Amino acid sequence: MCKKVPKSKCEEAVKVAIEVGYRHIDGAYVYENEEAIGRAIREKIADGTVKREEIFYTGKLWSTFHTPEMVRPVLEKSLKSLQFDYIDLYIIHTPLPLKPGDDIFPVDGNGKLIFDNVDLCATWEAMEACKDAGLVKSIGVSNFNHRQLEMILNKPALKYKPVCNQVECHPYLNQRKMLEFCKSKNIVLVAYSALGSHRDERWVDQSTPLLLADPVLNTLAKKYNRSPALVAMRYQLQRGVVVLAKSYTRKHIEDNFKVFDLQLTEEDMKAIDSLNQNLQPGFLDHPEYPYADDY
């Protein structure tokens with residue numbers, strides 16, 4: 001929930017979210033705010049609002065650390081930043097290995113990302129070792145297509161299968177095939193950008209439509225006297241998708257929690273299904289990793 005949010009606002013947002021009732025906090029090494037998140041959670045533990053075992057924290061292995069021997073050290077770095085003994089869920093952030101080094105986004109002289117060549121199965125074995133060591137409770141993946149998931153699932157001597165696949169998922173990119181595949185493998189689909197693609201000019205075509213301005217969502221929002229955002233999130237919950245809601249204002253954090261007070265009809269769900277455009281997530285525009293078109 002704290003991606004691309006100033007550290008000071010992130011810390012306060014996490015405290016507010018816990019006060020409101022949220023227990024799942026989604027973070028990542030690349031967001032560079034794990035110290036702030038850790039402080040916020042520890043404060044709410046100290047004041048008696050929650051216990052550590054009631055918090056479900058998700059961390060992510062960044063792409064410059066796919067080399068197997070780098071997996072545990074960077075996880076331990078996150079644990080130190082958070083001041084946690086363990087992370088509840090640790091996932092591979094993307095299937096795209098990047099050149100190892102100090103740069104989070106290593107680029108060449110033309111400003112193009114420098115990719116690395118690392119066997120995802122070897123990375124997964126290092127993730128399994130972290131689970132065996134008790135550093136993480138569960139392990140999963142993010143931004144994987146079905147072929148990459150199958151590569152892990154079919155890996156010889158697989159100890160633990162991915163518990164989830166976290167992907168961009170919203171009514172304009174509803175990931176129907178991926179959802180069906182994950183359900184068939186008992187893998188949870190987790191939706192980020194559930195309110196539409198982020199608008200980062202580096203990755204996203206600025207001419208793409210704004211989901212929350214969609215007439216269908218707004219008509220349903222008026223029908224139920226709710227916001228288009230709540231309608232979009234409720235749609236996902238009723239499909240069996242876990243929703244990540246990103247916000248750092250108390251009003252939006254409180255409003256998003258009202259998603260459980262809404263129930264969409266079958267007709268509503270079909271209307272939202274019809275909005276799918278299979279919009280390609282911009283940052284995965286890489287020839288080796290087709291994503292939305294073939295799931």
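Reply: What follows is a walk through the sheet and its surroundings.

This is a predicted model, in which local features need pLDDT of at least 70 and side-chain atom pairs count only at pLDDT 80 or more, while totals for chains, interfaces and linings use all residues. Residues are numbered from 1 along each chain as its sequence is written, and side-chain values use heavy atoms, with hydrogens and water left out.

Start with the sheet. It is open and has 7 strands, in the order β1-β2-β3-β4-β5-β6-β7. Their pairing is parallel. The edge strands are β1 (24-26) and β7 (242-243), each pairing on one side only. Strands (E, at least two residues) and helices (H or I, at least four) are DSSP runs, numbered from the N terminus. Two strands pair if DSSP finds at least two bridges between them.

Now look at β6, residues 188-192. On one side, 5 bridges join β5 to β6, and the two run parallel. Gln 166 stands opposite Val 190 there. Val 190 has Val 242 of β7 opposite it. Of the 5 residues in β6, 4 are buried. Buried means under 20% relative accessible area, exposed means over 50%, and partly exposed lies in between (1.4 Å probe, protein chains only).

Which helices pack here? Helix α3 (68-82) lies across β2 (56-61), β3 (87-92) and β4 (136-142). It runs at about 140 degrees to β3. Helix α4 (120-132) also packs on the sheet and touches β2, β3 and β4. Its direction makes about 160 degrees with that of β4. Such axes are lines fitted to C-alpha atoms, for helices over the stretch in contact, and angles run from 0 to 180 degrees between N-to-C directions.

Next come two loop residues. Asn 143 is in the loop between β4 and α5. Its phi is near 65 degrees, a positive value in a residue other than glycine. Most residues other than glycine have a negative phi. Asn 143 counts as buried because its relative accessible area is 2%. Ser 193 lies in the loop between β6 and α7 (215-224). Phi of Ser 193 is near 50 degrees, also positive. At 18% relative accessible area, Ser 193 is buried too.

Lys 161 counts as partly exposed because its relative accessibility is 34%. Beyond its neighbours within four places in sequence, Lys 161 is in contact (heavy atoms within 4.5 Å) with Trp 124, Ile 139, Leu 153, Lys 185 and Asn 186. Trp 124 is 37 residues away in sequence, yet 9.3 Å away in space, C-alpha to C-alpha. The backbone oxygen of Lys 185 lies 2.4 Å from a polar atom of the Lys 161 side chain.

Finish at the second largest pocket. A pocket is found on a 1 Å grid over the protein atoms alone: it is an open set of points with protein on both sides within 12 Å along at least five of seven lines, and its lining residues have an atom within 4 Å of a point. This pocket has a volume of about 370 Å³, the space filled by probe spheres set on the points. Its lining holds 16 residues, of which Tyr 22, His 24, Val 243, Ala 245 and Phe 260 lie nearest its centre. β1, α8 (228-239) and β7 are the elements that give two or more residues to that lining.

Definitions and conventions:
Polar contact = N/O pair within 3.5 Å; in protein donor to acceptor, adjacent residues only side chain to side chain. 1 Å grid on protein atoms, 1.4 Å probe; cavity = no way out; pocket = protein on both sides within 12 Å on 5 of 7 lines; lining within 4 Å.
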